[in-house]
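Please keep the sequence and the 3D view open while reading.

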Amino acid sequence: MKKNILLLGDYIVDEFIEDLCGINSDYKVSHIYILKRSPENDNLIKENKIEVIRGWHDYTLLIKKSFDSDILNDPKFQHEAFNIIKSLYRFSNDHDFFYHETVYYELINFWIHFFEKNEISLIIGGNPVYFDQIPILVASKIFGIKVITRKLMAKQPEDNSFRMFFFDRNNGTAVPLFYDKEFKPSSILYPDYSKLKIRGYPRLITQILKDLYGFRVSNILYIISNYLLFGKLKAHFKKISVRPNLEKNYIFYPLHFDPEVVTMPEENIRANQILNIRKISASLPQNWYLYVKIHPFQFNYKLNFWSGEFYGNVMRYYKSIESLKYISNLENVKIIDDSVHQKKLIKNSKAVASINGTVFLEASYLNKMILVLGKRTIYKQFSNARYTESKNEVEKAISELLQKDNYKSNLEKIIQDYTYDSKIPSKKQVLMKLLTHIDKSKKTC
């Protein structure tokens with residue numbers, strides 16, 4: 001009998017369902033958890049008797065009649081609750097914390113019942129956000145089910161494709177694929193985002209027009225207040241940023257865009273970049289600095305108030321003048337002017353620190369040490385990486401930096417052995433390598 005696979009998320013279903021149904025393996029797709037059902041997949045779903053689970057945004061569709069109130073006191077779920085709930089704020093203008101906490105436990109209850117009823121052997125999902133983080137949490141912590149997440153490493157500007165990889169959440173490492181031996185890493189370094197085009201009118205305008213039509217004055221005022229706050233944040237950042245002295249001893253920390261799926265809730269407390277900065281700041285030797293640079297998209301009006309996303313409307317929950325003041329008031333931390341090119345900051349640094357992201361590729365290409373604060377990332381496997389979750393690990397890495405400043409990287413080998421191109425016509429070969437790895441890892445356990 002074939003082992004069942006649960007696919008999580010619209011993108012994952014669209015990317016893999018056809019190839020998974022078309023390969024000869026010991027696995028079959030038995031369930032998919034989606035928001036929108038693609039008409040192109042209807043025949044596959046019917047032919048393979050795949051059960052569709054809906055309720056991605058409408059949680060009430062997943063509420064069961066029975067509710068086990070004991071889960072409210074289960075420490076396995078209490079620790080994760082806040083980190084998962086706060087990530088929802090990027091999707092919703094409704095910030096009733098008590099409601100979302102109730103929904104959190106409702107969904108845990110649903111997925112416990114689901115896994116008890118269905119024999120799932122493998123879960124394949126994307127970077128988990130609020131909704132699909134919960135089945136992953138329940139599957140791994142309660143039922144010991146194998147969880148693989150498909151992750152993005154970097155964008156390939158030439159054809160607008162991506163370097164992707166699979167991450168084994170049970171083992172905490174990327175899955176070896178040995179797929180693309182001819183790939184050269186230089187093609188994904190220092191992409192030019194200056195020509196990035198966003199289609200559609202800014203949502204600020206379209207939403208106000210809709211509210212005018214419906215006479216919802218309170219909504220209009222809410223949108224305008226968020227826009228003004230966004231501008232105030234941007235102005236304060238310009239006020240406190242400085243030009244760097246590249247002759248100083250410094251570690252470079254480029255901030256992630258907040259909110260961002262690769263950090264939150266994926267990295268839990270490690271997604272708090274203010275705490276990350278404080279941790280490194282507290283461990284720096286005398287006369288060393290931490291140079292912090294804002295993400296180039298963070299204060300871009302067009303990218304925060306457009307028709308597809310509306311991060312500017314929730315910015316108050318992830319960025320504030322108080323947080324910028326806190327960082328800038330740390331004596332050995334400098335917020336760097338965003339006009340300074342990242343390549344220059346990396347080249348002159350002693351090391352680069354961050355949670356995740358392509359900055360690690362760029363630093364590795366220059367044989368710099370990378371201080372990896374993220375736990376669920378492929379960058380921990382780089383030869384020039386030092387995983388730095390605890391204070392002792394940060395201090396140990398800095399002590400090493402005092403001895404030398406060149407760290408040979410295995411960047412090219414990692415990309416060749418673990419990643420694939422998102423635009424390859426068929427992913428059957430990649431998926432077969434993935435499933436073979438899973439079977440081998442189970443036998444060695």
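## Salt bridges, helix contacts and backbone details

Lysine 350 and aspartate 405 form a salt bridge in which the closest N and O atoms are 3.9 Å apart. The two partners belong to distant parts of the chain, 55 residues apart, with lysine 350 in the loop between helix H11 (342-347) and strand E11 (351-354) and aspartate 405 in the loop between helix H13 (391-401) and helix H14 (411-418). Lysine 350 has a relative accessible area of 22% and is therefore partly exposed, and aspartate 405, at 42% relative accessibility, also counts as partly exposed. The model discussed here is a predicted one, and the distances and angles should be read with that in mind.

Side chains of opposite charge can pair when their charged atoms come close. A pair counts as a salt bridge when a side-chain nitrogen of Lys or Arg lies within 4 Å of a carboxyl oxygen of Asp or Glu, and by this rule the count comes to 17 salt bridges.

| Pair | N to O distance |
|---|---|
| Lysine 350 and aspartate 405 | 3.9 Å |
| Lysine 3 and aspartate 439 | 3.2 Å |
| Aspartate 168 and lysine 146 | 2.7 Å |

In the salt bridge between lysine 3 and aspartate 439, the N to O distance is 3.2 Å. This pair links distant parts of the chain, since lysine 3 sits in strand E1 (residues 3-8) and aspartate 439 in helix H15 (residues 428-444), 436 residues apart. Lysine 3 has a relative accessibility of 26% and so counts as partly exposed.

The side chains of aspartate 168 and lysine 146 also meet in a salt bridge, at 2.7 Å from N to O. Because aspartate 168 lies in strand E6 (residues 161-168) and lysine 146 in strand E5 (residues 146-156), the pair ties together parts that are 22 residues apart in sequence. Is this pair buried or exposed? Aspartate 168 is at 0% relative accessibility and therefore counts as buried, and lysine 146, at 9%, counts as buried too. Apart from these pairs, Glu15, Arg150 and Lys427 are linked in a network of salt bridges.

Turning to the helices, two packed helices are described by the angle between their axes and the distance between the axes. For helix H3 (residues 75-87) and helix H4 (residues 97-117), the axes come within 10 Å and cross at roughly 125°, and H3 and H4 are therefore oblique to each other. The crossing in which H3 passes H4 is right-handed. On the H3 side the contact is made by Phe77, Gln78, Glu80, Ala81, Phe82, Ile84 and Ile85, and on the H4 side by Phe97, His100, Glu101, Tyr104, Tyr105, Ile108 and Ile112. Sorted by class, the residues of this contact are 10 nonpolar, 2 polar and 2 charged.

The peptide bond from aspartate 258 to proline 259 is cis, with omega near 0°. Another cis peptide bond joins methionine 264 and proline 265, with omega about 10°, and proline 265 is likewise found in the loop between E8 and H8. Asparagine 268, also in the loop between E8 and H8, has a phi near 50°, a positive value in a residue other than glycine. With a relative accessible area of 9%, asparagine 268 is buried.

Lysine 49 has a positive phi of about 50° as well, although it is not a glycine. Where is lysine 49 found? Lysine 49 is in the loop between helix H2 (42-47) and strand E3 (51-53), and at 75% relative accessibility lysine 49 counts as exposed, whereas asparagine 268 is buried.

Definitions and conventions: Residues are numbered from 1 along each chain as its sequence is written. This is a predicted model: local features need pLDDT of at least 70, side-chain atom pairs count only at pLDDT 80 or more; totals for chains, interfaces and linings use all residues. Side-chain values use heavy atoms; hydrogens and water are left out. Helices (H or I, at least four residues) and strands (E, at least two) are DSSP runs, numbered from the N terminus. Buried means under 20% relative accessible area, exposed over 50%, partly exposed in between (1.4 Å probe, protein chains only). Axes are lines fitted to C-alpha atoms, for helices over the stretch in contact, and angles run from 0 to 180 degrees between N-to-C directions. Angles under 35 degrees count as roughly parallel, over 145 as roughly antiparallel, 65 to 115 as roughly perpendicular and the rest as oblique. A crossing is left-handed if the near helix is turned anticlockwise from the far one by less than a right angle, and right-handed if clockwise. Contact means heavy atoms within 4.5 Å. Ala, Val, Leu, Ile, Met, Phe, Trp, Tyr, Cys and Pro count as nonpolar, Asp, Glu, Lys and Arg as charged, and the others, Gly among them, as polar.
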